[in-house]
2 protein chains.
Amino acid sequence: MAIPESPRRRSRDDVAEMALHLLDEFGLPDLTMRRLATALGVQPSALYWHFPNKQALLAAVSEQILAPMSDIHLDELPLPRAACALGARMRECLLEHRDAAELVSSSLALGLVEPPVRPALLDAARRHGVNDQLAEVAAEVVVHFVLGFVFHEQQRLTADSLGLLERSPAASTDEAGFTEAMTLIADGLEVSMGRRA
Amino acid sequence: MAIPESPRRRSRDDVAEMALHLLDEFGLPDLTMRRLATALGVQPSALYWHFPNKQALLAAVSEQILAPMSDIHLDELPLPRAACALGARMRECLLEHRDAAELVSSSLALGLVEPPVRPALLDAARRHGVNDQLAEVAAEVVVHFVLGFVFHEQQRLTADSLGLLERSPAASTDEAGFTEAMTLIADGLEVSMGRRA
DNA sequence: ACCTGAACACCGTTCAAGT
DNA sequence: ACCTGAACACCGTTCAAGT
C-alpha cells in the first residue's frame, strides 16, 4: 500500500547547497565532482546536466557564500566608513565557510561572480557626491585586501588543525591587524576625497 | 672513441628552472609532475627525490619569480613612497611569468615562501624612526592587494588569449587603476604615521 | 527533464629495486 | 646519490542510452 518513493530529482540549488556543505566538512581540495555526486546519491555525470563544468558549480557556491553581503545597511555612512564596514562584513562572510577565500578568489578572478562591496560602495559614493572612479578604486583595494588576508588566515587555520605549524602563539592576533589595515585604507580614501574636492 | 655521454643528473635547481619554463609555456593548470618529468627526460617518481611534494616544488618556483625583488634599492625613500615602489616592483615581477600571482599567492598562504616587500619595508621604517608594527600592516596591505590585483589581471589575460571574454576594450586600463590604488594606500600610510608621531 | 553506465585521458604519490 | 618500473587511489569530462 506504500506509495513508492518517487526518485527525488535534484535542482541546481540542491547541488550547490550540498557542495557548500561538503566544502565546510572536507575543504576545497576534497570537494570533487565524484564526492559531490556520491553525497547526492547520483552518478558523477549527472552533475553535468546542472552545471557545464566544475568552475560554474564553484561560482554558484561562491554566490551562496557572499549572499549575506546584501543585507548590510550602510544608511548614511560616509565613503571611508562604508568601506570599513563592507570589508569587515565580507571577512565575516568568508570566515563562515572553510577555504571560502580561496574559492571566491578564483571565481572572482575568472569573472564568474560579481565583486562584492562594489555596488554598495558606488551607492555610498553617489549619495555623498563622490567621484565614481574613486569608489571603484576603493572597491578594488578592499576586495583584494580582504580576500588575500582571509586566504592567509584560513590556510593557517587548516594548517594547524592538521597539526603542522611549529609556532602557534595562542589564538590568532589577526583581528587587530585586520582592522588596523582597514583603517589605513579608509584614511587613504579620505585623503583622496579631499584632494578631489 | 667517443666518450659516452654520462647520463646527466639533475640538480634541485635544474628541476625548479624547468618548472618555471613550463609554467610560462603552458600555465599553472598544465604544470604537472608528469609533464615536468617528461620535459626533464626522467620518470615522475624521480622528482620526489628532489622535492618532498608538488607544493614544495611550487614554492621553489615562487622564490625564483620573486628573486628580482631584492635588487631594488630604496635609498632614503620615506615609508609611503617605499611602499609604492615595492608594490610596483612586485607587480612587475609577477607579470613576468604566466599565472605567477596565483602560484605565489598559494605558496605564501601556505607559509612556504617569505612575504616579499616585508623586509625592505621594515628597513625603510627603521631608517625613518617609524613603528615596526605600522610597517607590518603596510606590508600586509600591499602584498595582498598586489597579489589580488595581478591575479585578476592575469586571469583576464589568459581568458581572452583563450578567445572568451565578450568585451575586450583595447588593451588593459589596469595600469592606471593600479597606481591610483597604490597612491591611496600610501596616503593612508602617511596619515597613520602622522597619528603616531 | 534528469539521470545511468561506461569509457577517455589524465592526476599526485609511494616504494622496492636498480646503478 | 639519483633514478626506474610498477602500482595505488584517485581526478574532470563526454556521450550514447535509458526513463
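A salt bridge here is a side-chain nitrogen of Lys or Arg within 4 Å of a carboxyl oxygen of Asp or Glu. Keep that in mind as you click around; this is a predicted model.

**Stop 1: helix H7 of chain A.** Select Arg127(A) and Asp123(A). They form a salt bridge, with the closest N and O atoms 3.1 Å apart. Both sit in helix H7 (residues 118-127) of chain A, four residues apart, or about one turn of the helix. Arg127(A) is partly exposed at 38% relative accessibility, and Asp123(A) is partly exposed too, at 42%.

**Stop 2: from H9 to H5 in chain A.** Now pick Glu175(A) and Arg91(A), whose side chains meet in a salt bridge at 3.2 Å, N to O. Glu175(A) belongs to helix H9 and Arg91(A) to helix H5 (residues 79-95), so this pair ties together parts of chain A that are 84 residues apart in sequence. Color by accessibility if you like: is Arg91(A) buried or exposed? With 7% relative accessibility, Arg91(A) counts as buried, while Glu175(A) counts as partly exposed at 48%.

**Stop 3: a network in chain A.** Show the side chains of Asp71(A), Arg89(A) and Glu92(A). These three are linked in a network of salt bridges.

**Stop 4: over to chain B.** Select Arg126(B) and Asp132(B); their side chains meet in a salt bridge at 2.8 Å, N to O. Arg126(B) is exposed, with a relative accessible area of 52%, and Asp132(B) is partly exposed at 30%.

How many salt bridges does the rule find across the interface of chain A and chain B? There are two. Select Arg195(B) and Asp187(A) to see a salt bridge whose closest N and O atoms are 2.4 Å apart.

**Last stop: the whole structure.** Zoom out. Over all chains, a search finds 18 salt bridges.

Terms used
Residues are numbered from 1 along each chain as its sequence is written. Chains are lettered from A and ligands numbered from 1 in the order in which they are written. This is a predicted model: local features need pLDDT of at least 70, side-chain atom pairs count only at pLDDT 80 or more; totals for chains, interfaces and linings use all residues. Side-chain values use heavy atoms; hydrogens and water are left out. Helices (H or I, at least four residues) and strands (E, at least two) are DSSP runs, numbered from the N terminus. Buried means under 20% relative accessible area, exposed over 50%, partly exposed in between (1.4 Å probe, protein chains only).
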